[in-house]
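Please keep both in view while reading, and look up each residue as it is named.

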Amino acid sequence: MCLSIPGRIEKTDGETAVVGYGNERRTVSTKLVPCAPGEWVVVSGGFVMQKLSEEDAKKALALWDEADERERRSCC
Amino acid sequence: MSVSAGPAAERADPVLYFLRYSYPCAFVLLQQRRIDEDTYRLIRLAALGKGHLEKGFIEGIFSAAFRRLRMVAEGRGKDPWDLDVLQAYFRDGLHNACIDRGEGMYARFSEGFRDLCKVRHATVVARHADVLEVEYDGTRRRVVAEFVPDAKPGDRVTIHHTYAIEKLRKRPRS
């Protein structure tokens, strides 16, 4: 299951952060992995799971963009 | 990867068992708009044992997982909701094997990225309130303790994404 879509930290406030995914914003917890604005992350279950380099994040985003519907539905 | 003993909760409810392993992934489904916010909340509540979801509803949401679970179940002459099937898939390595085979989207991603999806057997190193620090193969990670509220340092647990999922019996000392 469960490949994640990277997002970028827009702002942080204590143990929460707003992550941008294109036009979408989600509030997530940084309790497991402290983060700073501008960093690329993958989130799972509402918690930041891991930070990514910008290069890796952009690579992953491009892969999601390229995928067709059948592939997108193949993981979970 | 093999495990000699079952989890502490040997007769876990299969629906709860499945939802605990798959709840962290539901966030990805939300990102892909395959489920909406309300469904995401329902999955979370059900994974915490605070709500009920029909099996058919869950199968529709996690369709790829159930395609694989049905294959595992057929090979064993069992139902995909049989706890043995779910344990073989999530806890005992078949889920990770699917990732390693590079099925579907997995083929496109790097090994490091795919590794984030795997279920790991880890040892609890420390506990800070509701966060567990765990270690496996020399890697340290912090995970949420919500599903294993009594986990303490020294316990063996499985982890999936950002969550500790279930406690494992300790390995016999050799």
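In this predicted model, the side chain of A:E24 reaches across to chain B, where it makes a polar contact with the side chain of B:R33 at 2.2 Å. The side chain of A:E24 also makes a polar contact within its own chain, with the side chain of A:R26 at 2.8 Å.

- A:E24 is found in strand β3 of chain A, and with a relative accessibility of 19% it counts as buried, because the cut-off for a buried residue is under 20%.

**The interface between chain A and chain B**

- The contact draws on 33 residues from chain A and 41 residues from chain B, and the area buried between the two chains is about 3400 Å², with carbon and sulfur atoms giving 61% of it.
- Three salt bridges are found across this interface, and in one salt bridge the side chains of A:K31 and B:D130 meet, with 3.0 Å from N to O.
- Between chain A and chain B there are eleven residue pairs in polar contact, counted where both residues have pLDDT 80 or more.
- On the side of chain A that touches chain B, at least two residues each are supplied by β3 (24-29), β4 (40-44), β5 (47-52), α1 (54-66) and α2 (69-72) of chain A, and the largest share, five residues, comes from β5(A).
- Sorted by class, that side of chain A holds 20 nonpolar, six polar and seven charged residues.

**The make-up of chain A**

- Chain A has two helices and five strands, which follow one another along the sequence in the pattern β-β-β-β-β-α-α.
- Of the 76 residues in chain A, 54% are buried.
- Among the contacts in chain A with a separation of 6 or more, 34% are between residues 24 or more positions apart.

**Helix α2 of chain B**

- In helix α2 of chain B, which covers residues 37-47, the residues B:T39, B:Y40, B:I43, B:A46 and B:A47 are buried.
- Seen down the axis of α2(B), these buried residues fall within an arc of 130°, and therefore they line one face of the helix.
- The elements that cover the buried residues of α2(B) include α1 (14-31) and α3 (55-61) of chain B.
- After α2(B) comes B:G49, which has a positive phi, near 75°.

**Two loop residues of chain B with positive phi**

- B:D137 is not a glycine, and yet its phi is positive, at about 45°; this residue lies in the loop between β2 (131-136) and β3 (139-144) of chain B.
- B:H161, which is not a glycine either, has a positive phi of about 55°, and its place is in the loop between β4 (156-160) and β5 (163-168) of chain B.
- Which of these residues is buried, and which is exposed? B:D137 is exposed, with a relative accessible area of 68%, whereas B:H161 is buried, with a relative accessible area of 1%.

Terms used
Residues are numbered from 1 along each chain as its sequence is written. Chains are lettered from A and ligands numbered from 1 in the order in which they are written. This is a predicted model: local features need pLDDT of at least 70, side-chain atom pairs count only at pLDDT 80 or more; totals for chains, interfaces and linings use all residues. Side-chain values use heavy atoms; hydrogens and water are left out. Contact means heavy atoms within 4.5 Å. Buried area is the accessible area (1.4 Å probe) that two parts lose on being put together, summed over both. A salt bridge is a side-chain nitrogen of Lys or Arg within 4 Å of a carboxyl oxygen of Asp or Glu. A polar contact is a pair of N or O atoms within 3.5 Å; within protein, one must be able to donate a hydrogen and the other to accept it, and residues adjacent in sequence count only if both atoms are side-chain atoms. Helices (H or I, at least four residues) and strands (E, at least two) are DSSP runs, numbered from the N terminus. Ala, Val, Leu, Ile, Met, Phe, Trp, Tyr, Cys and Pro count as nonpolar, Asp, Glu, Lys and Arg as charged, and the others, Gly among them, as polar. Buried means under 20% relative accessible area, exposed over 50%, partly exposed in between (1.4 Å probe, protein chains only). The arc is that of the directions from the helix axis to the C-beta atoms.
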